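Please take a moment with the sequence and the model below before reading on. The paragraphs after them are meant as a guided walk for someone who has not seen this structure before.

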Amino acid sequence: MNKNMQDQLNALKLEMEQAVSKAKTDNELGEIEVKYVGRKGQLTAVLKGLAALDAKKRAKIGALANLIKQDISHAIASKKAELQDASLGTLADAEHADVTEPGIRPPEGHLHLVTVAIREISAIFEKIGFTRTRYPEVDWDYYAFESLNMPPDHPARDEWETFFMDAPVSKKGKMVLTPHTSNAQVRELERGEMPVRMINIAKCYRRQSDATHVPMFHQFEGLYVDKGVAITHLRGALEYFAKAFFGPERKTRLRPHHFRFTEPSFEIDVSCGVCNGTGFGADKQKCRVCKRGWLEIGGAGMVHPNVLKAGGVDPKKYSGFAFGWGVERTYMMKEGMQIDDIRILYKQDVRFLKQF
Ligand code: DAH
């Protein structure tokens, strides 16, 4: 019995030591503790048997059992520490961060090419004293047409394939989606501050959609009204713009034209940047971009007296020039861009947009 108990204890010790060394988690260790050294544990059970032994044996076996209990408690504690160290090590590896490492840049977008063009155009005109204005893009017929010397039913209006709003008609007529930026002219004059140096850049709408037209596009409209403004000022301003926007080697020319709101009126051409205004490419063939050395950029002219009057300005005292060009078209000319279908500008196709 005595011998037996000693063997039993040693076997138990071996079993416990193996269990402890195999344990992989705190939980397992907890279970081992309960199973062997807990109140109802196996070692405790053996110790309870001590009472039946005589004093001498009890002392011997008791001492052994206590030793084993201590050893096991130590073994469990050190295994616990070992497990904790290991898990901190994994945590440190997992959460390791080198704060000096260069970061990962998020993908960066950029402005749409029309926005870029608008900013560039306004910056160029601001340098010669023009201020960018904002006027409605849904406006009365009066500002879009009538005040610009185009009475109701005048055939000249046909050129602007206008969207009319389904809205109540006022004294100023129907409401329209502005078909050009010229609606800003009389609105600006009505402010009654002289001189006027306005650059109005806005959306325009026309009922047109094909390879060279989009129903929504942008124009920039210049208006300069002061005492003694002459065609030479118009030429100077446009020449300045052409050189600043397209490059110092570019030239402009005025061709006679007709608009109801200017007199005289012109179409403005800019020398082609691809063939340098010669009309012929390096291969002696006609220039593929312009065919004749010049690119048509838009309309301009001296403000019609009726327009000045509509804006409350005395045409005997003041004169002015105006021009209105398409932003998309002008920008494409600058880039020497030949787009088969202009609608791609507004298709939100990043493969196209990324190139600019
Ligand atoms: N509004 C005209 C159009 O959309 C362009 C234009 C021509 C504007 C002559 C002007 C101008 O200010 O003087 O076709």
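What follows goes from the nonpolar cores to a helix and then to the ligand.

The model is a predicted one, and a reader may begin with its largest nonpolar core, which has 47 residues. Within this core, the residues with the most contacts are Phe 220, Phe 241, Phe 321 and Phe 323.

Val 186 leads on to helix 7, where it is one of the buried residues. This helix spans residues 183-190 and is mostly covered, with seven of its eight residues buried; the buried ones are Asn 183, Ala 184, Gln 185, Val 186, Arg 187, Glu 188 and Leu 189. Just after helix 7, Gly 192 adopts a positive phi of about 75 degrees.

The ligand is surrounded by 16 residues, of which His 180, Ser 182, Arg 206, Gln 219 and Glu 221 are the closest. Gln 185, from the buried part of helix 7, places a polar side-chain atom 3.1 Å from an oxygen atom of the ligand. The side chain of Trp 160 has an N or O atom 3.2 Å from an oxygen atom of the ligand, while Phe 323 contributes a backbone N or O atom that lies 3.4 Å from a ligand oxygen atom. Taken alone, the ligand exposes 360 Å², and the protein buries 94% of that area.

How values were computed. Residues are numbered from 1 along each chain as its sequence is written. This is a predicted model: local features need pLDDT of at least 70, side-chain atom pairs count only at pLDDT 80 or more; totals for chains, interfaces and linings use all residues. Side-chain values use heavy atoms; hydrogens and water are left out. A nonpolar core is a set of buried Ala, Val, Leu, Ile, Met, Phe, Trp, Tyr and Cys residues joined through side-chain atoms within 4.5 Å. Buried means under 20% relative accessible area, exposed over 50%, partly exposed in between (1.4 Å probe, protein chains only). Helices (H or I, at least four residues) and strands (E, at least two) are DSSP runs, numbered from the N terminus. A residue is near a molecule or strand if one of its heavy atoms lies within 4 Å of it. A polar contact is a pair of N or O atoms within 3.5 Å; within protein, one must be able to donate a hydrogen and the other to accept it, and residues adjacent in sequence count only if both atoms are side-chain atoms. Accessible areas come from the Shrake-Rupley method with a 1.4 Å probe; for residues, only the protein chains shown count as cover.
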